[in-house]
Amino acid sequence: MNKDWSILNKLAKRQNEIYHRCAKNAGITDTKFWVLYALCESGGALCQNSICESWCYSKQTVNSAVNSLENEGMIYLEFSEGSKKQKDLKLTEKGEEFCNKHIRQVMLAECNSIMRLDSGERRNFIKTLEKLLAVLEEELSF
């Protein structure tokens, strides 16, 4: 295995572990963490399909997390504007409070962390990672 890939894989694992600890500290599963994160990032309304596509989760995985969050009173489902079929996920007051305490604190730490890089470093990092992942998908025929 190429040494650079080994380093990249270990860094990806380290990043995953950081977010796993955030979820664990909040007392929720990783999937629930990312569903709530996606809702916070979207401004409060998002359909399950968007979460599946954007965050690379299966429909079953997201649906399980959504059902659990709904049962816990963190989110509710409401028909999307102009749709009689698609429902949006929205945070309840309890969900907003939870997100303010846990999820948005992580987002603030992310923002503070990335702002320690100058704008050129941020652009180059994102551009290089996007290119690397696109080439890897191409090599793997995805």
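The legends below describe close-up views of a predicted model.

**View 1. Packing of helix α1 against helix α5.** Helix α1 covers residues 3-26 and helix α5 covers residues 93-114. Their axes lie 10 Å apart and form an angle of about 160°. Angles over 145 degrees count as roughly antiparallel, and α1 and α5 are therefore roughly antiparallel to each other. The crossing of the two helices, α1 and α5, is right-handed.

**View 2. Residues in the contact of α1 with α5.** On the α1 side, the residues are Tyr-19, Cys-22, Asn-25 and Ala-26. They meet Phe-98, His-102, Val-106 and Glu-110 of α5. By class, five residues of this contact are nonpolar, two are polar and one is charged.

**View 3. Pairing of strands β1 and β2 with β3.** Strand β1 (residues 45-47) runs antiparallel to strand β3 (residues 87-91), and three bridges join them. Strand β2 (residues 75-79) is also antiparallel to β3, to which five bridges join it. Leu-89 in β3 is the bridge partner of Leu-46. Leu-77 also stands opposite Leu-89.

View 4. Most residues other than glycine have a negative phi. Phi of Cys-56, in contrast, is positive, near 60°. Cys-56 has a relative accessible area of 71% and is exposed, because the cut-off for exposed is over 50%.

Definitions and conventions
Residues are numbered from 1 along each chain as its sequence is written. This is a predicted model: local features need pLDDT of at least 70, side-chain atom pairs count only at pLDDT 80 or more; totals for chains, interfaces and linings use all residues. Side-chain values use heavy atoms; hydrogens and water are left out. Axes are lines fitted to C-alpha atoms, for helices over the stretch in contact, and angles run from 0 to 180 degrees between N-to-C directions. Helices (H or I, at least four residues) and strands (E, at least two) are DSSP runs, numbered from the N terminus. Angles under 35 degrees count as roughly parallel, over 145 as roughly antiparallel, 65 to 115 as roughly perpendicular and the rest as oblique. A crossing is left-handed if the near helix is turned anticlockwise from the far one by less than a right angle, and right-handed if clockwise. Contact means heavy atoms within 4.5 Å. Ala, Val, Leu, Ile, Met, Phe, Trp, Tyr, Cys and Pro count as nonpolar, Asp, Glu, Lys and Arg as charged, and the others, Gly among them, as polar. Buried means under 20% relative accessible area, exposed over 50%, partly exposed in between (1.4 Å probe, protein chains only). Two strands pair if DSSP finds at least two bridges between them.
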